[in-house]
Amino acid sequence: MSLSCMHIMDEVLASVAETIKNFAVMYLVDITEVPDFNTMYELYDPSTIMFFFRNKHIMIDLGTGNNNKINWAMKDKQEFIDIVETVYRGARKGRGLVIAPKDYSTKYRY
């Protein structure tokens, strides 16, 4: 992911923070300063979004084969909000894996 992609994702995250504040909190973690989970979650991309609910990692099936995280820039704010809402609803029901509202299997391939 290039710096421009990271900038796009940062803008999306900042713009949706107010909208999702009632059901999600965002944290920025520098994986070089807190390397504890780097191996477990395969954290090596410049930008990675993961979901946790009550200290439990919530996986999301995006159709990409990697259910642990989102590691590409999402430009559509509503699309990201929909994903966060889906994760929240599923996690509240006790699900450890939720299905994304959209299939990303081909959209973000090289």
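User: Why is N55 called exposed in this structure?

Analyst: N55 has a relative accessible area of 82%, and a residue counts as exposed when that value is over 50%, as buried when it is under 20%, and as partly exposed in between, with a 1.4 Å probe and protein chains only. The value for N55 is therefore in the exposed class. Please keep in mind that this is a predicted model, in which local features need pLDDT of at least 70 and side-chain atom pairs count only at pLDDT 80 or more, while totals for chains, interfaces and linings use all residues. Residues are numbered from 1 along each chain as its sequence is written, and side-chain values use heavy atoms, with hydrogens and water left out.

User: Where does N55 lie in the chain, and what is its phi?

Analyst: N55 is placed in the loop between β1 and β2, the latter being residues 56-61, where helices (H or I, at least four residues) and strands (E, at least two) are DSSP runs numbered from the N terminus. Its phi is near 65°, which is a positive value in a residue other than glycine. E42 also has a positive phi, of about 55°, although E42 is not a glycine, and E42 belongs to the loop between α1 and β1.

User: How many helices and strands does the protein have, and in what order do they run?

Analyst: There are two helices and three strands, and reading from the N terminus the order is α-β-β-α-β.

User: How do you know what the radius of gyration says about this protein?

Analyst: The radius is taken over C-alpha atoms, and the globule rule is 2.2 Å times the number of residues to the power 0.38. For 110 residues a compact globule would have a radius near 13 Å, and the protein has 13 Å, so the two agree. The C-alpha atoms fill a box of roughly 35 × 30 × 30 Å along the principal axes, and buried residues make up 31% of the 110 residues.

User: Why is the pair of F23 and Y88 called tilted?

Analyst: A pair of aromatic rings is described by the distance of the centres and the angle of the planes. Rings of Phe, Tyr and Trp (its six-membered ring) pair if their centres lie within 6.5 Å, and planes under 30 degrees apart count as stacked, over 60 as edge-to-face and the rest as tilted. A search of the whole structure finds five aromatic pairs. In one of them, the ring centres of F23 and Y88 are 5.5 Å apart and their planes stand at 40°, so the pair is tilted. This pair joins distant parts of the chain, with F23 in the loop between α1 (3-20) and β1 (51-53) and Y88 in helix α2 (residues 77-92), 65 residues apart. Ring pairs also link F23, F53 and Y88 into a cluster.

User: What class of accessibility do F23 and Y88 belong to?

Analyst: F23, at 21% relative accessibility, counts as partly exposed, and Y88, at 25%, counts as partly exposed as well.

User: Are Y41 and F52 buried or partly exposed?

Analyst: Y41 has 13% relative accessibility and therefore counts as buried, whereas F52, with 47%, counts as partly exposed.

User: Which residues does R95 touch, and how do you know that they are in contact?

Analyst: Contact means heavy atoms within 4.5 Å, and, not counting residues up to four places away in sequence, R95 touches I58 and G90. R95 is found in the loop between α2 and β3 (97-99) and, with a relative accessible area of 44%, is partly exposed.

User: Which residues is I8 in contact with?

Analyst: I8, which lies in helix α1, is in contact with M74 and K75 when its neighbours within four places in sequence are left aside. At 26% relative accessibility, I8 counts as partly exposed.
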